[in-house]
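Here's a quick briefing to read alongside the model. Have the sequence and the 3D view open as you go.

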Amino acid sequence: MKKSLSGNTWSGSSWDGKSVYTKKTQEDDGSGKLYTITADFRKYPCIEDSIADHSAYLLGAKNGSKLRYDGLKGCKDYKKAVQIIKDGGYATSTTYVSKLCSIIERWNLTQYDKAEAPAAVKWYRVRKSWSDAASQKGAYKVLANAKKCADANPGYSVFDDAGKVVYAGRAAVKTPFLVRVDISDLNIRTGAGTNYSRTGQYTGKGIFTILEVKSGQGSDAGWGRLKSGAGWISLDYTTRI
């Protein structure tokens with residue numbers, strides 16, 4: 001959706017209020033003639049948040065004190081629903097209603113209508129904090145998968161749809177700190193993970209200062225950035241002192 005929607009307000013938005021991307025889009029001048037504009041659109045950390053905000057907008061957007069799409073909630077007639085959306089000013093295209101209805105009819109989408117609405121899907125979001133939507137690592141239907149993601153990212157927790165912490169992940173690692181390496185051939189890499197290339201150097205045995213810790217491929221304990229600037233090492237092969 002566009003960043004600003006004619007001054008409308010609605011509750012339950014999953015957008016963080018600042019993340020956007022800019023692109024060219026076409027508008028209808030009301031006579032069927034198209035013209036191109038450049039506009040800012042809302043950017044979300046995942047598709048689920050985009051869908052949730054779109055639904056919240058259609059059902060709750062207000063223009064003043066009146067619902068912009070009054071009558072849409074609970075409407076079971078797709079033709080009427082599409083007309084309500086068009087009349088509310090959602091789309092500028094003069095053929096919006098006919099095009100959308102033709103897609104519904106062509107693919108027989110009404111076959112997916114249910115007599116009763118299915119139970120709402122619960123999503124578990126992995127973030128540093130509920131208010132920090134930009135930090136989100138992912139949204140999961142399965143709690144176990146969300147916990148796994150949180151454990152792989154120190155400082156992150158799992159939140160339910162209401163913003164309540166349902167699982168507190170590993171605490172963020174305080175840096176700097178010292179580690180001891182007892183092997184002579186511990187690889188140094190250009191980044192935090194085995195998917196980054198080796199620098200061709202080894203730490204050798206000794207005591208080293210770690211300035212930063214990140215999760216990454218190939219290490220359960222995480223990757224540490226060396227104070228020397230040589231690169232990153234797997235903390236699986238170190239002992240913190």
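What follows covers the strands, the helix pair and the nonpolar cores.

This is a predicted model, in which local features need pLDDT of at least 70, side-chain atom pairs count only at pLDDT 80 or more, and totals for chains, interfaces and linings use all residues. Residues are numbered from 1 along each chain as its sequence is written, and side-chain values use heavy atoms, with hydrogens and water left out.

**Hairpin**

- Start with β1 (residues 20-28) and β2 (residues 34-42), which pair antiparallel over nine bridges; strands here are DSSP runs of E, at least two residues, numbered from the N terminus, and two of them pair if DSSP finds at least two bridges between them.
- Together β1 and β2 make a hairpin with five residues between them, and glycine 30 in the turn has a positive phi of about 105 degrees.

**Four-stranded sheet**

- An open, antiparallel sheet of four strands runs in the order β6-β5-β7-β8.
- Its edges are β6 (138-140) and β8 (165-168), each pairing on one side only.
- On average, neighbouring strands of this sheet are turned by 25 degrees against each other, direction ignored.
- β7 (residues 157-159) is joined to β8 by three bridges, with valine 158 opposite tyrosine 167 in β8.

**Helix pair**

- The axes of α2 and α3 (lines fitted to C-alpha atoms over the stretch in contact, with angles from 0 to 180 degrees between N-to-C directions) come within 10 Å and cross at roughly 150 degrees.
- That is why α2 and α3 are roughly antiparallel to each other, a label for angles over 145 degrees.
- Residues of α2 that meet α3 include Tyr78, Val82 and Ile85, and on the α3 side Tyr96, Leu100 and Ile104 are among them; helices are DSSP runs of H or I, at least four residues.

**Nonpolar cores**

- The largest nonpolar core has 20 residues, and Trp10, Tyr57, Tyr69 and Leu72 have the most contacts inside it. A core is a set of buried (under 20% relative accessible area, 1.4 Å probe, protein chains only) Ala, Val, Leu, Ile, Met, Phe, Trp, Tyr and Cys residues joined through side-chain atoms within 4.5 Å.
- α1 (47-60), α2 (78-87) and α3 (96-106) each supply at least two residues of this largest core.
- Leaving aside neighbours within four places in sequence, tyrosine 69 is in contact (heavy atoms within 4.5 Å) with residues including Tyr57, Leu58, Ile84 and Tyr90.
- A second, separate core of 10 residues includes Val179, Leu186, Phe208 and Leu226.

Methods: Buried < 20%, exposed > 50% of the residue type's maximum accessible area, 1.4 Å probe, protein only. Parallel < 35°, antiparallel > 145°, perpendicular 65-115°, else oblique.
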